Amino acid sequence: MEAAGLREGLLLAISFNPLSSVLGAVCAAAAAGSRKWPRTGLAVLLAAVAWIIGDGARVFSATLTWTREGLTVAGSELTEGRVSVLLAIWAVGSLVVGYALPAIVGAYVGRNVHRGTGRLSAAVTAGAISGALTAAAATLTA
């Protein structure tokens with residue numbers, strides 16, 4: 001039963017919202033991707049707002065539904081504690097995989113560009129990684 005809840009949480013975590021993930025990661029990476037003027041606080045805010053709009057609303061509505069009605073995974077009812085763990089894995093996993101990872105890698109690339117196009121390089125890299133993660137997640141959850 002615990003393994004089923006963990007598996008469901010991980011599957012929900014990698015099924016993040018692709019549109020808000022790409023837009024949030026690209027904007028966050030562009031904000032933090034300059035060596036001269038990195039705006040790390042703005043990047044964190046952009047990624048967090050994109051997650052709240054895209055996946056945070058889904059997690060919140062699932063929290064309300066599952067705490068009222070309960071959750072059945074693999075034919076057995078999960079307790080409130082296990083539902084909380086499943087929701088935490090979903091929330092943190094979707095934030096890290098869908099939003100933070102592409103933004104961090106994009107910002108790293110942008111800060112290591114030596115001639116003037118750091119923000120552009122950061123945004124393009126974050127967009128490409130977000131697209132690749134979206135395609136991989138669609139394959140894994142199908």
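Modeller: A nonpolar core here is a set of buried Ala, Val, Leu, Ile, Met, Phe, Trp, Tyr and Cys residues joined through side-chain atoms within 4.5 Å. Buried means under 20% relative accessible area. Keep in mind that this is a predicted model.

Colleague: Fine. Which residues make up the largest nonpolar core?

Modeller: There are 11 residues in it: Ala50, Trp51, Val59, Ala62, Trp66, Val83, Leu86, Leu87, Trp90, Ala91 and Tyr99. At least two residues of this core come from each of helix H3 (40-69) and helix H4 (80-111).

Colleague: Which helix gives the most to this core?

Modeller: H4 does, with 6 residues. Apart from that core lies another one, of 7 residues, including Ala28, Ala32, Ala47 and Ala103.

Colleague: What does tyrosine 99 touch?

Modeller: Leaving out residues up to four places away in sequence, tyrosine 99 touches Asn17, Ser20, Ser21, Ala25, Ala47, Ala50, Trp51, Gly54, Asp55 and Ser94.

Colleague: Ser21 is on that list. Is serine 21 buried or exposed?

Modeller: Serine 21 has 0% relative accessibility, so it counts as buried; the cut-off is under 20%. Serine 21 sits in helix H2. Neighbours within four places in sequence aside, its contacts are Phe16, Gly98, Tyr99 and Ser130.

Colleague: Back to H3. Where is the kink centred?

Modeller: On aspartate 55, where H3 has a kink of about 50°. Asp55 is also among the buried residues of H3, as are Gly54 and Gly56. Others among them are Ala43, Ala47 and Trp66.

Colleague: What span should H3 have, and how far apart are its ends?

Modeller: The 30 residues of H3 should span 44 Å at 1.5 Å a residue, and the end C-alpha atoms are 40 Å apart, which agrees.

Colleague: Changing topic: is isoleucine 104 buried or exposed?

Modeller: Isoleucine 104 is exposed because its relative accessible area is 58%, and exposed means over 50%. Isoleucine 104 belongs to helix H4.

Colleague: Last one. Where is confidence lowest, and where is it highest?

Modeller: The lowest mean pLDDT is 62, in strand E1 (residues 71-73), and the highest is 94, in helix H2 (residues 18-32). Across the chain the average is 86, and 88% of the residues score at least 70.

Methods
Residues are numbered from 1 along each chain as its sequence is written. This is a predicted model: local features need pLDDT of at least 70, side-chain atom pairs count only at pLDDT 80 or more; totals for chains, interfaces and linings use all residues. Side-chain values use heavy atoms; hydrogens and water are left out. pLDDT is the predictor's confidence in each residue, from 0 to 100. Helices (H or I, at least four residues) and strands (E, at least two) are DSSP runs, numbered from the N terminus. Buried means under 20% relative accessible area, exposed over 50%, partly exposed in between (1.4 Å probe, protein chains only). Contact means heavy atoms within 4.5 Å. The expected span of a helix is 1.5 Å times one less than its number of residues. The bend at a residue is the angle between axes fitted to the seven residues ending there and the seven starting there.
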